[in-house]
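Here is a briefing on one protein model, for reading next to the structure itself.

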Amino acid sequence: MNFALDGLRVFLSDSSSPLYGHELVGKTIEPYLSKLTTTFSCWEHRLALKSKFRIDQAESGFPVFQNLLELEADRKDADRELAKLRDPALIKKEMIDHIFRRKGFPKEQQSEIAEYHYLSQIQKGEIFNSHILPETIKVSVNPRNGRPFYVLHWGAFDGSATLPIVYMATIEDSSQKISEMLVGKNGKLKPNLNIPLPVGGLLNPEFAVQFDEFTGKNSSYSLKPITIAQNLDEDFEYLHLKQLRRFVLGPFYGAGFTANSDRVSQILSKVRKPQNAWVLTWTMQEVFSKAERPAKRGLWSSSPARDEFHINTDDLEATRQGVSHYEKHALVPHEAYQALYADGQASELFNGFTVHVISGNQVIGV
């Protein structure tokens, strides 16, 4: 998985990557990959302490949700537990002494040092949590209507599907207070504003807490993007979603431990170098507003402005997913792709995917 995440970073920075042209998307996803890398590192250290560790072998190829909940629970007591541990330099000295004097493996000291590294990492909090709170990474003004708009992102590790997910949203704000605060008479952002981006949560403090709660309840993989968009439209009178992107990482196929495709796993197990025996897939989904019905203010009744979201009904798969547009991608090392192609499995496994073959620090399209 570490090799796969490193390969995905290479892909994101490659000029031929479809995400390279969307610089903001690549910059948004990269920190979540770092969180995943740290999370897997924590799990490695935890394996030296615990005997049980489960992977969703049949579906996603990622560790099951319970493993993540255990990390989050251990983080709460990390400070207290770290204070009980001995100096790691002393432990390492004992390990060396044990190896040379007793001619044996220092299991007890190894567990101590693993616990120290484990608690130190989770104490920093840079793991991929079950819910990663939103951040505002851009603020501007729509010149057509004078509304300020925000670009935000947040994350979730879906417990049922066992998949890490990253969301990006572009949202216009029609509330009067924030408009007076941000927009000048010329219809642009006021020049004397100093907004230290990124801002934790929605930029508008009036709705920030409610928006955090919304993302916590509406980030499940089982919810279609169109459903999330419509829920946001219903819950917030003055927030108008113009674009929602969802980046779903997985499934992951690895030699020797995933069974989401037995035949693929068998072929990958024959790949000479273990660091090349994997396939990582992901899906990019997008739903956008095609029009906005204006608010109605009447004597007897009124209704807020509502967005009409586009679903590509010409594409059955897009309709099924509830999106305007989607892309399916697969990243595979050159050696693994050769093995799959030679066995005749490549066309079946990668049907409907855009395949990116990685060789060293280069990505080659297929």
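In this predicted model, helix α2 supplies the largest share of the lining of the second largest cavity, with four residues. That cavity holds about 40 Å³ of space. Its lining divides into 10 nonpolar residues, no polar and no charged.

**Second largest cavity**

- The lining consists of I29, Y32, L33, L36, F128, P164, I165, V166, F247 and L249.
- α2, β3 and β5 are the elements that give two or more residues to this lining.

**Largest cavity**

- The search of the whole structure finds two cavities of 30 Å³ or more.
- The largest cavity contains about 50 Å³ of space.
- V25, I29, V166, M168, R245, R246, F247 and M284 line the largest cavity.
- Six of these lining residues are nonpolar, none is polar and two are charged.
- α2 (23-47), β3 (163-173) and β5 (239-254) each provide at least two lining residues here.
- β5 gives the most, with three residues.

**R147, between two strands**

- R147 sits in the loop between β1 (131-141) and β2 (148-158).
- R147 has 15% relative accessibility, so it counts as buried, the cut-off being under 20%.
- The side chains of R147 and E172 are joined by a polar contact of 3.0 Å.
- Leaving out residues up to four places away in sequence, R147 touches S140, V141, N142, E172, D173, S174, H240, K242 and E292.
- R147 and G187 are 40 residues apart in sequence, and their C-alpha atoms are 8.4 Å apart in space.

**N218, between two helices**

- N218 belongs to the loop between α8 (208-217) and α9 (225-235).
- The relative accessible area of N218 is 9%, so this residue is buried.
- The N218 side chain makes a polar contact of 2.9 Å with the side chain of N231.
- N218 touches Y167, L223, I228 and N231, not counting residues up to four places away in sequence.

**Helix α6**

- Helix α6 covers residues 107-124, which is 18 residues.
- At 1.5 Å a residue, α6 should span 26 Å; the end C-alpha atoms are 26 Å apart, so the two values agree.
- The buried residues in α6 are Q109, E112, I113, A114, Y118, L119, S120 and I122.
- G125 follows α6 and has a positive phi, near 80°.

- Most residues other than glycine have a negative phi, and most peptide bonds are trans.
- K103 is not a glycine, yet it has a positive phi of about 55°.
- K103 lies in the loop between α5 (88-102) and α6.
- K103 counts as exposed because its relative accessibility is 68%, and the cut-off is over 50%.
- T162 is not a glycine either, and its phi is positive at about 55°.
- T162 is in the loop between β2 and β3.
- T162 is buried, with a relative accessible area of 5%.
- A cis peptide bond joins L197 and P198, with omega about -5°.
- P198 is in the loop between α7 (176-182) and β4 (199-200).
- The peptide bond from G250 to P251 is also cis, with omega near 5°.
- P251 is found in strand β5.

**Overall build**

- The protein has 13 helices and 12 strands.
- Of its 366 residues, 46% are buried.
- The C-alpha atoms fill a box of roughly 90 × 55 × 35 Å, taken along the principal axes.
- Among contacts with a separation of 6 or more, 67% are between residues 24 or more positions apart.

Methods. Residues numbered from 1 in each chain as written. Predicted model: local features only at pLDDT ≥ 70, side-chain atom pairs only at ≥ 80, totals over all residues. Heavy atoms only, no water. 1 Å grid on protein atoms, 1.4 Å probe; cavity = no way out; pocket = protein on both sides within 12 Å on 5 of 7 lines; lining within 4 Å. Points joined across faces, edges and corners; volume = space filled by probe spheres on them. Nonpolar A, V, L, I, M, F, W, Y, C, P; charged D, E, K, R; others polar. Buried < 20%, exposed > 50% of the residue type's maximum accessible area, 1.4 Å probe, protein only. Polar contact = N/O pair within 3.5 Å; in protein donor to acceptor, adjacent residues only side chain to side chain. Contact = heavy atoms within 4.5 Å. Expected span 1.5 Å × (residues − 1).
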